[in-house]
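Hi there,

Here is the model I promised to pass on to you.

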Amino acid sequence: MERLSAIDTAFTEYANSISKRSPEDFLQAREAINKAINMDVAVLTELFPCLCEVVGKPTFASTKLDPISAKHRFKFIFQMFVRSISAPSHPVVLFLDDLQWADEFSLEL
């Protein structure tokens with residue numbers, strides 16, 4: 001199984017669904033994401049290119065870090081992203097089936 005494949009699938013579905021909302025909702029989601037992760041959006045779009053549909057192409061590349069620091073940064077940016085797209089009126093539910101096939105990093109998130 002490919003690393004983060006289930007999360008990539010979920011984010012692709014999210015990008016598709018947000019692009020079908022009203023222009024106001026779409027812009028509101030884009031602004032919330034950019035406000036939450038701003039310059040670090042490239043950290044997510046490098047692994048999940050589908051998010052470029054929502055946040056646009058990043059203008060800055062992510063800073064290269066050692067593997068442990070990069071992993072911690074990714075987890076933090078991932079959490080900030082999920083918080084930015086979550087609201088009581090739009091909860092985020094991620095259902096992972098067949099966890100025996102999930103990669104370790106996906107389970108850590």
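Below is what I found, going from the whole chain to single residues.

First, the ground rules. This is a predicted model, in which local features need pLDDT of at least 70 and side-chain atom pairs count only at pLDDT 80 or more, while totals for chains, interfaces and linings use all residues. Residues are numbered from 1 along each chain as its sequence is written, and side-chain values use heavy atoms, with hydrogens and water left out.

The chain has six helices and zero strands (DSSP runs, H or I of at least four residues for helices and E of at least two for strands, numbered from the N terminus). Its radius of gyration is 14 Å, close to the 13 Å from the globule rule for 109 residues, so the chain is as compact as a globular protein of that length (the radius is taken over C-alpha atoms, and the rule is 2.2 Å times the number of residues to the power 0.38). Of the 109 residues, 31% count as buried (buried is under 20% relative accessible area, exposed over 50%, partly exposed in between, with a 1.4 Å probe and protein chains only).

Asn38, which follows helix 2, has a positive phi near 30°.

Ser62 lies in the loop between helix 4 (52-55) and helix 5 (67-85), and is buried at 11% relative accessible area. Its side chain makes a polar contact of 2.7 Å with the side chain of Glu46 (N or O atoms within 3.5 Å; within protein, one must be able to donate a hydrogen and the other to accept it, and residues adjacent in sequence count only if both atoms are side-chain atoms).

Finally, there are zero disulfides (pairs of cysteine sulfur atoms within 2.5 Å). The sulfur of Cys50 is 8.3 Å from its closest cysteine sulfur, in Cys52, which is too far for a bond.

Best wishes
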